Each structure stands twice: as C-alpha cells, then as structure tokens.
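Here is a quick tour for someone meeting this structure for the first time. Have a look around, and then we'll walk through a few spots together.

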Amino acid sequence: MAKFLLLKHYRGGPQQRPNARTPMEEWTPAEIAAHLRFMEDMADDLRRRGEWVGGEALAPEGAFVRYDGEGRPPVTDGPFAETKDLIAGWMMIDVESLERAHETAAYLSSAPGPGGRPLEEWIEVRPFLEYTPPVVD
Amino acid sequence: MDELLRPLVPQVLGVLVRRGADLATAEDAVQDALVEAVRRWPDGFPEDPKGWLVTVAWRKLVDAHRSEASRRTREVRVLHDVAQGPVEQRDDTLQLLFWCCHPALTSASAVALTLRAVGGLTTRQIAEAYLVPEATMAQRISRAKRTVSEHGVGADGDLGAVLRVLYLVFNEGYTGEVDLAAEAIRLTRLLARLSPEPEVGGLLALMLLHHARRPARRDADGMLVPLGRQDRSLWGTSLIAEGVDVLQTALAQDRLGEYQAQAAIAALHCDARSADETDWPQVLEWYDELLRINPSPVVALNRAVAVGEVDGARAGLAALASVPDDVPRRAAVAAWLHERAGEPATAAELYAHAASSAANLAERHHLLREAARLAPDAPGT
C-alpha cells in the first residue's frame, strides 16, 4: 500500500477544461448540491474500500509566514491574488498501486459541475515518502 | 496479558470454525471475547484460558446470530448444542493462514487480516501501525473477510502467498506501539512449527538475520547506517546463531528457494567480523543462484554490488548496464560504484539524483548526506 495526496487547485496546473472554468459561485444551487453529494459519496466509498485516510477543503485566502529572528514576531505576507498555484482542497488515500491512485483522481475529476457535466478538472497526485525506514539492508 | 492472549487467538478461532461457525463471524466473536478477557481476567485468571475464550467467543457468536436473525431460532439452537463438547486440541493455524492470505486478496487486505485473525492484534493497533484511521482499517478487514468467504478456501492453500504476506509485514518494521518486524518473526516461527517446507525455514532465517542487525542500522541521530559502516558489535549474536541454525536445517533438505538464497547472503554478511572480511565471492555465487531462481531486475541490481566487490567497480558498472533505469535504488548503486571507481563528482550527482527519487524518507536523508559528503566543496576534501 502507498499513500497519495490528491490535490484540487483553485489555480495552477495545466489549463482547465471548459467545464471546470466556471467559478462555483456562478453555479446553480442544485448544481452545487449535486457536486457536494458526489464528494461525500466518494469519501464514503473510499472508506468502505478501506482506502480513505483523510480530506478537507481549504479556504482560498491564507498567508505566507516565516521566522524573523529571536524574539521577533513572525512575518506574514500575502495573500497574493496573482499566486500561480492555489490549492483548494486535499484528499489522502492509501491504495494498492499508482494505477489505483490515478483511477481515484480521475473519478474525483469526474465530479459534476455546471449542467451536471463532469468537471474534468485537473487533480494533482503526489506520493508520500514512506515514513518507515527499511528493515533490510 | 497481551503476550498470553495473542498466541491463543488462532487456536480459539480454529475451534469455532471446526465447530461449523462461519469464519468471518467467528473472527469478530474472537475479537469480542478478547476484549472481555482484557476486562475480566485481571480480577481472576481462568484455569483454562483457551477454554474460557472458546466459551465466551461461542456465546458472542450465538448472540450475534440471535440479534441478526432472531426469527431463525432453529439455527441458534443448533449452535447451542454444538458448544457442549470439550475443546479439541488440534492446531488449525496453518489453515487460518491460508484463509487470511487467500490469493484473491490484495496484499494490504491479506496483511491486515493475518495480523488480526492469526496475530491477534486489534484493529486499532493495526490501523496505528499502518497510519490509517481505525474505521478505514476496520472496513479493509471486513471487506477482506467478505472476499474470502465468497471465494472459499480449498484444502490446498497457497504457502507462497502466506510467505509473501509475512515478509511484507516484516518489511513494515515498526512505527508505533506495535513492532511489526517482531510480529512477523513470531508468526513465521509459528508457521515453521506447522510446515516442514524449506522455504518457510528460509524466510524465518532471513528475518532473524536481518533483525539481528537492526540495532546497528541507525545512528544516534536516527540516520541510516549502511551495512559496510555498521558497528558490528551491536548485532544480535543469538538471533544470528538461531538464523544460521534454521537456515542450515532448511538447506539440508536440498530444495533451494528464493528465501533460502537470500538468507544465505544475509548469513555471509553476519559471519564477517568486519566489512573487509566479507566473503564477497561466495555472496556473488549466491546472487547468481538467486538470479537463476528469480531473474528479477532487483536481484540483478544487488548482484551488481557484489560484482563490484569481487571484480572491481568497473565490472560492477558493466553488470549494472543491463539493469533498467526505473528499478528503485539503481541510482544509489550506480553512485556507490562510481565512487569506488574514483569518480566522486559523478557519484555525488548520482547520490543527489537517487535522493530525489527515493520512496522512503530515511533513505532520502541518507542519500542526501552521501551526496553532501562527496560534493566538491565539502569540508575535508
């Protein structure tokens, strides 16, 4: 088994397909409800399959923070309207293979959008580094 | 308590199944009985712990049937009648292992089911060891049980599948409260008592010999220490002695297999008092043997290291040429051979490349440090 992070982006990644270009605030309430139901069903299905680890949606606005020396408050910067890459949410899965991770990401990308059509949104798939050290040398 | 209870789990489960209980339901009942034992035994220890668990598990089983199908009273009565006999002394653990490692299961499901039904670990412990939520692990286990129930287990189980699952558990090492490597050794010891197959001994020997080196595999900072640089005084001598003993018994049957060959290589490393004393020509012979049994690119990669030790780094690099680029750890081996060939700059680049493609955090850190050690502006060069 291997753990993967599936990332949904507000911005960034390859050029989105037409269905994924309309911002959610321009969808109808019924379209939004159908989308959210799909996401919940998908999480339930992953739980049933024993592949679910976790998942959350992220607010679009955040800040960059850094250390600024002993005794000084953290420095913050942003939010940046122009940042190229902006993550909208994450889902962590524990699956048998990379193929299964891609299949799950493709399913996530098929979530319904405007007109009930699949969004065909790009999902970023990132493997986690295994935490356990090798026991064989 | 845990140490006492867990060896009883497969035995109790075996009794329930032999009495006609469905495996999946029986497995749940055994877990429920364990919970009750943990709660009640501290107040008064039963004279016959196994009999106690069988009785309680059977009652749980009857309860489960009753609540599930209260109308099917006849079936419940049948279960009641069977429960009266004495507890048989047969060991069904082998059959249970075949069931848990059914070829229809994914390896992760087989691992989880084995750890619970034979290892006696709780779902929470297994979930923690594999870093997933308990609910997810519970689903994985019940799904696995459904799959096996649908497929059924014939009289002839797949011993190879059992060995693969046990080796996977061993390779998981330990992250939290449960030491999976030690658990894999415990289960393989159990299997070795039930099956005379030499590959079972081969796997047990392989595990013992690798486990013996565990105390030397990390330094004080938690960084990986490669075999050649390990402090060999930290190796577990009694584990090595046991491993060699088990291996010799297996090899004496003259039916060589993959695990025996790998264990033979591990034994040669354990036998050398310093890295310089390693009998590399013999190691290489075993790799040739292993390659005949299992002509995999991973074996070919490890063989290239041995070639490098026996015939020099150039020969090692030549052996490496036939190993495909996408084999994990290939870049790390190439780096090592280039370093030995007197090309530190190439080696440093390859170590950095190997670090970026490492799947494991500890390996990544180790490879980054190796790259830094050989960097042109590194201190001391």
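Which residue lies over the face of Trp52(A), and at what distance from the ring centre? That would be Arg47(A), sitting 4.7 Å from the centre of the ring. Bear in mind as you read on that this is a predicted model.

## Charges over rings

Chain B has an arrangement of this kind to look at too. There, Arg19(B) is placed over the face of Trp58(B), with 5.6 Å to the ring centre.

## Rings meeting rings

Searching the whole structure, over all chains, turns up five aromatic pairs. Take Tyr167(B) and Tyr259(B): their ring centres are 5.8 Å apart and their planes stand at 70°, so this pair counts as edge-to-face, the cut-off for that label being over 60 degrees. Tyr167(B) belongs to helix 10 (residues 159-171) of chain B and Tyr259(B) to helix 14 (residues 258-271) of chain B, so the pair ties together parts that lie 92 residues apart in sequence.

Elsewhere in chain B, you can find one aromatic cluster made up of Trp41(B), Phe45(B) and Trp52(B).

## Where the chains touch

Now for the place where the chains come together. On the chain B side, 32 residues are in contact with 21 residues of chain A. The size of an interface is often given as the accessible area lost when the parts come together. Here, chain B and chain A bury about 2,300 Å² between them, and 54% of that is on carbon and sulfur atoms.

How many salt bridges are there between chain B and chain A? The count is one: the side chains of Asp94(A) and Arg140(B) meet at 3.0 Å, N to O. There are also seven residue pairs in polar contact between chain B and chain A, counting pairs with both residues at pLDDT 80 or more. As for the parts of chain B involved, helix 7 (107-117), helix 9 (134-151), helix 10 and helix 20 (361-374) each supply at least two residues of the side that touches chain A.

## A threonine tucked inside

One last stop is Thr188(B), found in helix 11 (residues 180-194) of chain B. Is Thr188(B) buried or exposed? Thr188(B) is buried, and its relative accessible area is 0%.

Leaving aside residues up to four places away in sequence, Thr188(B) touches Leu166(B), Val200(B), Leu203(B), Leu204(B) and Met207(B).

Notes. Residues are numbered from 1 along each chain as its sequence is written. Chains are lettered from A and ligands numbered from 1 in the order in which they are written. Side-chain values use heavy atoms; hydrogens and water are left out. Rings of Phe, Tyr and Trp (its six-membered ring) pair if their centres lie within 6.5 Å; planes under 30 degrees apart count as stacked, over 60 as edge-to-face and the rest as tilted. Helices (H or I, at least four residues) and strands (E, at least two) are DSSP runs, numbered from the N terminus. A charge sits over a ring if NZ of Lys or CZ of Arg is within 6 Å of the ring centre and within 35 degrees of the ring normal. Contact means heavy atoms within 4.5 Å. Buried area is the accessible area (1.4 Å probe) that two parts lose on being put together, summed over both. A salt bridge is a side-chain nitrogen of Lys or Arg within 4 Å of a carboxyl oxygen of Asp or Glu. A polar contact is a pair of N or O atoms within 3.5 Å; within protein, one must be able to donate a hydrogen and the other to accept it, and residues adjacent in sequence count only if both atoms are side-chain atoms. Buried means under 20% relative accessible area, exposed over 50%, partly exposed in between (1.4 Å probe, protein chains only).
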